[in-house]
Amino acid sequence: MPHLIDKPIHILGAGGIGAVMAWCLALKGYSVILVDAHPGKVAEGQKDGVTIVGLGMQRIPFTTFDDWLAPEEGFVLLCTKTYDNAAVLARLPDGVFLVPIQNGFDPDLEQRGHACEGIASFVSECLRDRPVTRITRPGGLHIGGRRPITADERNDLASLAQALGEAKLFVVKVVDSIEPYKATKLMYNAAISPLAAAAGVDNGELLTDQLAKGLFFALLLENYAILHHARVPLARIGPFHPDMVSLILRIPWLATLMAMFFRPSLRGTYCSMAPDIQIDCGRTEIDAYTGHLIRLAGDFPCPLNRATLALVTKVTGEGLKPQRKYLQHLADNLPKGVLS
């Protein structure tokens, strides 16, 4: 086993993804340190460990971010929200093997020369005040290079993937490039999260509520068009490649059929932006999702993304509570023909 895996694995963020990563590694005997910014959550973790509902508890050392000593070497899994990245990156030494496992595109993180990233396709919903999480949708974890990597970096990546896969909670796939998987996840997340969070609805309602479904499908198509125009490679996550998803959505009867098929997989699933809008007003990952797509689009038309960004910015900036009426507000303020 490569030497890095024998050192403590520091996991930044005890949310849905971080808690699951820590639980899996601790289950198989790896040395894990879980770091979180909220002292109350850390205190609960120190007392009761990390629990995955239905699978049990694992004892894991916890520390607050303020008390955390960044390692000079070893693995650091970055599982925070993107808006917390700056504080973490400011304390990381250059020699640490950093592996972000989060959604969205953070410009500051993109500038760092880290070797690889991970993208989770499973959904894990963690309590805000305790490290207790539940898997609301099964899936896998893709880990891959974000630039050409060295032989040593490839060995470290393989050892981490092996360690995370030993718990058999999800399938870990090592891929040459993480970019297509990260872009595909963005295509979906930037359609689901802003709509469900601003409206305060369950993800499944995006496929049952007629207005929500129309906006959801339109955002998926616009997100795909932006990525395709920018020549960003995409990969298959789930049953269909994004190319096929785009074709399906352009055939109304087939889109309706697929909505019925996928509705159960979205019902009851977690929208990570929802608690940010409901509780932490003013701090969401909308810039890392929708903002990134708008920057990527440049002069390419993206009216729905621009309207969505304006809506979420207004809701968070004014401290408004999520309401379904915002979906109608969004639709009413779109240029004619955007929603067909």
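The model is predicted: local features need pLDDT of at least 70, side-chain atom pairs count only at pLDDT 80 or more, and totals for chains, interfaces and linings use all residues. Residues are numbered from 1 along each chain as its sequence is written, and side-chain values use heavy atoms, with hydrogens and water left out.

**The sheet.** Select the open sheet of 4 strands, in the order β4-β3-β10-β9, with mixed pairing. Its edges are β4 (56-58) and β9 (123-126), each pairing on one side only. On average, neighbouring strands here are turned by 30° against each other, direction ignored. Strands are DSSP runs of E, at least two residues; helices are runs of H or I, at least four; both are numbered from the N terminus. Two strands pair if DSSP finds at least two bridges between them.

Now pick β3, residues 50-52. β3 pairs with β4 in the antiparallel sense, over 3 bridges. Val50 stands opposite Gln58 in β4.

**The helix.** Helix α1 lies across β3, β4, β9 and β10 (132-137), at about 80° to β4. Axes are lines fitted to C-alpha atoms, for helices over the stretch in contact (heavy atoms within 4.5 Å); angles run from 0 to 180 degrees between N-to-C directions.

**The arginine.** Go to Arg91, in the loop between α3 (85-89) and β7 (97-100). Leaving out residues up to four places away in sequence, Arg91 touches Phe65, Asp66, Trp68, Leu69 and Ala70. Its side chain reaches the backbone oxygen of Trp68 at 2.3 Å. Finally, show Asp156: its C-alpha lies 22 Å from that of Arg91, 65 residues apart along the chain.

Key: A polar contact is a pair of N or O atoms within 3.5 Å; within protein, one must be able to donate a hydrogen and the other to accept it, and residues adjacent in sequence count only if both atoms are side-chain atoms.
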